[in-house]
Amino acid sequence: MPAKPFFKKKSVRILLTIIILMGLFIGYMAIVAIDRPPYIKDMSSLNLQRIDHGNATYSYGQSWLRKSESGLWEAYIEGNAFERGVAFGQLTKELLYYQESSFFGQIRELVPSDGYLRVLKYFIAFFNRNLDKNIPDAYKEEIYGTSFACDSTYNFIGSGYQRQLNYHAAHDIGHALQGLNLVACTSFSVWEDKSRDSSLIVGRNFDFYMGDKFAENKIVCFVNPDHGHKFMMITWADMIGVVSGMNEKGLTVTLNAAKSGIPFQAAMPVTLLAREILQYASNIDEAYSIAQMRDIFVSESIMIGSSMDHQTAIIEKSPDETALYDPEGNSIICSNHYQSDEYANDRKNINNIRNSDSYNRYRRVQELLNRKENLDETDVAAILRDQSSLGDANAGMGNELAINQLIAHHSVIFKPDSLLVWISTAPWQLGKYVAYDLNRVFNDASNYPVTEICMKEKTIPADPFLFTDNYNRFVKFREMSKELRLMKNTNHSLPEKFVDNYIETNPQFFLTYSNLGDYYNEMKDFNQAYAFYKKAMDCRLPGLEDKQNLEELTEKLSKKINNGSSRY
């Protein structure tokens, strides 16, 4: 009996120690959190007023923003770094609030607990504690300029400047830490006799998914910086980093994520490295030199198309090494694994090739390229829209084995020799591809556009799939998948005929059955869950990891069923 008070006192001491340590940790987080905005000598650009010209057209000094008939936003930004940031922020402030709300809403869906969100906040603060030390001063000034447009609603996450810095690292953190295949892009390029007119052509799908709302307000942004080359990029509100872009020298940059280990702290966000290459490089050698100078904290393939070199190469970069993959021939393909000799024995890369969908998508592009003697931009669009897997197999709509996974934030086609670019319109890459001529846009940029600036005569028509019953079924599949998740999370019974109707929307897709298995597993109907997981295993699976996950689930369920726990 006398021992009890001792243990009670000991427990209190342990609890107090934990509370003190947590307090010290939170205090440390507050100290290391990035809130060190750069010093700006001239902040007069903040005194300008945004002018509303009507018809969703705005100007801020010499910069402007307009909504195209295609649904794409078009922007022209000029000035020094801080001035560009201020202009971009003030022109897109409503879009920025919507974008931030969409982003936070998706995080809320992934992490619904307020407690976990607070932990996540401090983790990101710790992880990104040295982020600003790895970003060139000019880009910090530009990001700082955009931050004046941030709404105070999300100040509980951090200041506007903190949030904007962290958002620029979100791409890296997402594919390094989550392993959720949020980034699974496909790109390729042809030139010389593989191109219809011998010109260099680059095509890419940017399959980065952060919810449907996140992709609603894409911006085609034309930038005229005070230093470096003029360039265009496909982006979103206040994102100054680059995922897809082309400069006035005919150099293109596109990003494809590769398999990464878990990093311990942030370095330079890869989108800002891509931006630096686009702004300052004229050819492949210059791009490679810039990439070698910078440290990043994830593994990434940076595909560089160069009009000056009249070919395309891939910079394969990880936190430890930078390699240049420059194949012989007249074409190149990039998915989500490395191809250079430097990474031939890299264990992560080998496992990625064996276990993921990346190599299958690579082979599918190769298969389609081999069927055409040469290609033009229309042929490139057809490949980017292809929904079949290797050997023309039907793996279900939305499968990661396909080049077109029906999740693309955007799809783009570049012709660097003529400075032409085609950008997809919603939904995904199914809408028409809108064409722009960089020379024409920059020559007329000083005039506030009152008419369309795209080249309507070069538009690539919408994918015929958009007008089929299969498209309507896929839309229904997505809607019913959300309903199924909601009913699983709230332990609701499925409506009558829900299962049959759901399967009918996408019967070849493994996730159709895996999602049903997840529902019945949560409802503890283990016989039904087992049956649906087995059906999922009979479908074409994206990779070995998916097969192993399903095998583990069915094995566990089999034991429960054999123990007489088929339902309780």
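**Loops, cysteines and a charged patch**

N491 sits in the loop between α14 (469-489) and α15 (498-505). Helices (H or I, at least four residues) and strands (E, at least two) are DSSP runs, numbered from the N terminus. The model is predicted: local features need pLDDT of at least 70, side-chain atom pairs count only at pLDDT 80 or more, and totals for chains, interfaces and linings use all residues. Residues are numbered from 1 along each chain as its sequence is written, and side-chain values use heavy atoms, with hydrogens and water left out.

N491 is not a glycine, yet its phi is positive, near 55°. Its relative accessible area is 49%, so N491 counts as partly exposed (buried is under 20%, exposed over 50%, partly exposed in between; 1.4 Å probe, protein chains only). K497 lies in the loop between α14 and α15. Phi of K497 is positive too, near 65°. K497 is exposed, at 57% relative accessible area.

A cis peptide bond joins A426 and P427, with omega about -5°. P427 belongs to the loop between β16 (420-424) and β17 (433-437).

D285, E286, D309, D326 and E328 form a negative surface patch. Patch residues have over 30% relative accessible area and no salt bridge; like charges are joined within 9 Å, and nonpolar side chains (Val, Leu, Ile, Met, Phe, Trp, Tyr) within 5 Å. A salt bridge places a side-chain nitrogen of Lys or Arg within 4 Å of a carboxyl oxygen of Asp or Glu. E328 lies in the loop between β13 (322-325) and β14 (331-334). With a relative accessible area of 81%, E328 is exposed.

The structure holds 0 disulfides (pairs of cysteine sulfur atoms within 2.5 Å). C221 is buried, at 1% relative accessibility. C539 is buried at 16%.

Notes:
Accessible areas come from the Shrake-Rupley method with a 1.4 Å probe; for residues, only the protein chains shown count as cover. Lys and Arg count as positive and Asp and Glu as negative; His and the chain ends are not counted. The place of a charge is taken as NZ of Lys, CZ of Arg, CG of Asp or CD of Glu.
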